[in-house]
Amino acid sequence: MAERSESDSRKLLRRLRDSLALPGKGQDRLDRITHLIADSMHTEVCSIYLFRDPDTLELCATEGLKKEAVHQTRMKVGEGLVGRVARSAAPINTADAPSEKGFRYMPETGEEIYSSFLGVPIQRVGERLGVLVVQSKTKRLFLEDDVYALEVVAMVLAEMTELGAFLGEGESPGALHKQPRMFRGGVAQEGTAEGHVWLHEPRVVVTNPVADDPLTEIERIRDAVGQLRVSIDDLLVAESLDKDQRQVLEAYRMFANSRGWLKRMEEDIARGLSAEAAVEKEQSAARARLSQVEDAYLRERLHDLDDLSNRLLRILTGQGQDTGAQMPDDPILVARNIGPAELLEYGKRLRGVVLQEGSVGSHAAIVARALAIPLVIHAEGIISEALNGDYLLVDGDQGVAHLRPDEMVVRSFRDKMAMQAKAQERYASLRNLPAQSKCGTVTRLNMNAGLMADLPSIESSGAEGVGLFRTELQFLIRNQMPKRDELAKLYARVMDAAKGRPVAFRTLDIGSDKVLPYMKPQDEPNPAMGWRAIRVGLDKPGVLQMQAQALMRAANGRDLQVMFPFITELGEFVAARDMVLRQRDREAALGRPVPQDLKIGAMLETPSLAYAPKLFFDMADFVSIGGNDLKQFFFAADRENERVRRRYDTLNTSFLRFLRLIADRCRDSGTALSFCGEDAGRPVEALTFATLGIGALSMRPASIGPVKALLRQVDLNEAREVVFEAMAQGVESVRPMLMGWLATQAE
Ligand code: PEP
Ligand code: MG
């Protein structure tokens, strides 16, 4: 095979571009391309495999293999050499394909006679599109130069695919961002929203992947990198930067000044790519590496590079948020992922949020909940499909997003929204009424909170207090550890907003899924059962002491409730309680006002605490069941794992028996008991808990209305009989019987 020169590469790219500009069907274009590439690379075979669905690749065009195999041959990601290229997003180059690990012979293609194989991924900034392959009979390894040249071609193909170049006139314009698309993801915050897409990171559309004049392009990229460096230097001199922001910017500056980065892009340009395509090529390569890297520090650095590439693309194309794109009046944020602070910055302006990644327990999800914004997570592929301004419906109840929906979907969606609005009106009318059941029993309904954005809900939801204030949120949304005085001010604002209603402040609950950005991450095999919550608090008492002081100063003589997360045994409670009491004495010794009434409680989140010595229940002023954690340990089902988290019914009789035991132990010691996990906000679950003798429930503000409506509608004694009868009958879950009974109540 003859050596390839840079001008060979440029020639091929130009021929590709010209060929794509010709009219014709998408298939004709693909066929022409495979022919051109095989010809230019001096190989007998060139094939293009594209993704059919996220797991399957299909042979879409070939020069050299049997034509009958086109659109017939398919393979799973990871299967055969082509599948391996797709999985690893890295080239495979071999002189002897049949003896290569993972080789799978596809008889219908007639490929057995070709020995050498070179496959490269077709990808565009993290989006996998397919695999480009050349094969030849001669047993020889392709030169490094050939690999590089084929990667450059694959980059151009990726851009062309994105631009819809393989769709002829009248063919499905799916890739052109016009058709309706439904994304089935996961539920992270219920509610419905109608609006228009606002991309958190606007997509930069590169319309000119191939450039004729490398010198001009090199000048453009140098100029853009120069501008980028200046903009980072400008940011670095800003006075308001904290240590972490400065560190990130220093890392950016290092990349922006790295010769290697610019040099690689200049080489791509010399091969015929435009400046923009060169940036994207290096960005794609970095993204592919990112998915392979396990080291958290390196991943961060690669993320930095990714962000930097986006900035560079915006400079080159003049596209982006800072170039005049207008946020719609009814924005629905679409993002790969988003941090809690960024989401808070958008605040209530957003109608909804759809994330391609994300998780139920993520900080962004917690913020979305506090802002009562419907949130759908795991909407696979939405980032590449949605464009700014696209019409979008978010069904947070079902975890579904409808992009550019058709009339029918819009109509039924609006019906649903209207029904929900009616229900909300009904709930609002109950706001000032107690959750009193027909038998006269009153259940106390509190709300969960953690952000300042939650505070208005104390009034509007009709909550009788804050049953759980998650103090860690204030730590999570910052780049550095908050100071005592700052926290004292915040806590005082919370107490002010509660206007005398009790607020149960939970001390810092970090670890497991809640990782502080400024704390060294722990490399633990199983963080949910690791060094978390009160375990951290007791081992590193400085923060707990500081929080206790901040809370006393905020209370400034008023009543105060403090509870500890994840107490597992009596000794932990005693130690944590002592620490708080010592702080109270210290404050008193300093002549500062101490709380009039200080109540110290514990969260019951592990089964062990239910069986603690009686002294624990006697000593605790109150106990709050953290059902989210308790359930995950009771059923051994990870609350973050979509596959198992809904597997076991909360109304499973074994769990209910266990809750009853807790309720009995609290009653025997005269200890107040509440339930503050997510299940408390589900009406049927809430009703069941109330029948077991759990007198207070704490939930998201939006759940108070529906829970109250149901509790007021039924006789709790009758409901208890149904629940206990179901348990006596030995069924697995009381749900069917309870639902059956509830149906008769509605009649
Ligand atoms: C719980 O575990 O139920 C709880 C309320 O705490 P968190 O969800 O913050 O872990
Ligand atoms: Mg918990």
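Start with ligand 1: one of its oxygen atoms sits 3.3 Å from a polar backbone atom of Gly626. Keep in mind that this is a predicted model. Two further contacts of this kind belong in the picture, and the table puts them side by side.

| Residue | Part of the residue | Distance from an oxygen atom of ligand 1 |
|---|---|---|
| Gly626 | polar backbone atom | 3.3 Å |
| Asp629 | polar backbone atom | 3.0 Å |
| Arg639 | N or O atom in the side chain | 2.8 Å |

How many residues surround ligand 1? There are 14, and the closest are Arg470, Arg506, Glu605, Asn628 and Arg639.

Glu605 and Asp629 turn up again at the magnesium ion, which is ligand 2. Glu605 (OE) and Asp629 (OD) coordinate this ion at 2.0 to 2.1 Å.

Now for the strands. Take strand 13 (residues 391-395): four of its five residues are buried, so the rest of the structure largely encloses it. Which strands does it pair with? One is strand 9 (residues 192-199), joined to strand 13 in the antiparallel sense over five bridges. Within that pairing, Ala193 has Val394 of strand 13 as its bridge partner. Another is strand 14 (residues 400-403), also antiparallel to strand 13, over four bridges. Strand 13 and strand 14 form a hairpin with four residues between the strands, and in it Gly399 takes a positive phi near 70 degrees.

Elsewhere, six strands make up an open sheet with antiparallel pairing, in the order 3-2-1-6-5-4. Which strands are at the edges? They are strand 3 (74-76) and strand 4 (92-94), each of which pairs on one side only. From one strand to the next, the twist averages 25 degrees. Inside this sheet, strand 5 (residues 116-124) and strand 6 (residues 127-136) run antiparallel and share nine bridges. One example is Val120, whose bridge partner in strand 6 is Leu132.

Helices pack here too. Helix 3 (residues 80-88) packs on the sheet and touches strand 1, strand 2, strand 3, strand 4, strand 5 and strand 6. The direction of helix 3 makes about 140 degrees with that of strand 6. Helix 2 (residues 26-41) lies across strand 1 (45-53), strand 2 (56-63) and strand 6, and runs at about 65 degrees to strand 2.

Finally, here are two single residues to look up. Glu217 is part of helix 5 (residues 214-236). Why does Glu217 count as buried? Its relative accessibility is 9%, and the cut-off for buried is under 20%. Leaving out residues up to four places away in sequence, Glu217 touches Ala211, Ile269, Leu273, Ser274, Ala275 and Glu276.

Arg584 is in helix 19 (residues 570-589). At 28% relative accessibility, Arg584 counts as partly exposed. Setting aside neighbours within four places in sequence, Arg584 is in contact with Met552, Val594 and Leu598. Take Met552: it is 32 residues from Arg584 in sequence, yet the C-alpha atoms of the two are 7.2 Å apart in space.

Note on methods: Residues numbered from 1 in each chain as written. Chains lettered and ligands numbered in written order. Predicted model: local features only at pLDDT ≥ 70, side-chain atom pairs only at ≥ 80, totals over all residues. Heavy atoms only, no water. Donors = N, O, S within 2.8 Å, 3.2 Å for Na, K, Ca; no water. Buried < 20%, exposed > 50% of the residue type's maximum accessible area, 1.4 Å probe, protein only. Helix = DSSP H or I, 4+ residues; strand = E, 2+ residues; numbered from the N terminus. Pairing = 2+ DSSP bridges. Axes fitted to C-alpha atoms, helices over the stretch in contact; angles between N-to-C directions. Contact = heavy atoms within 4.5 Å. Near = heavy atom within 4 Å. Polar contact = N/O pair within 3.5 Å; in protein donor to acceptor, adjacent residues only side chain to side chain.
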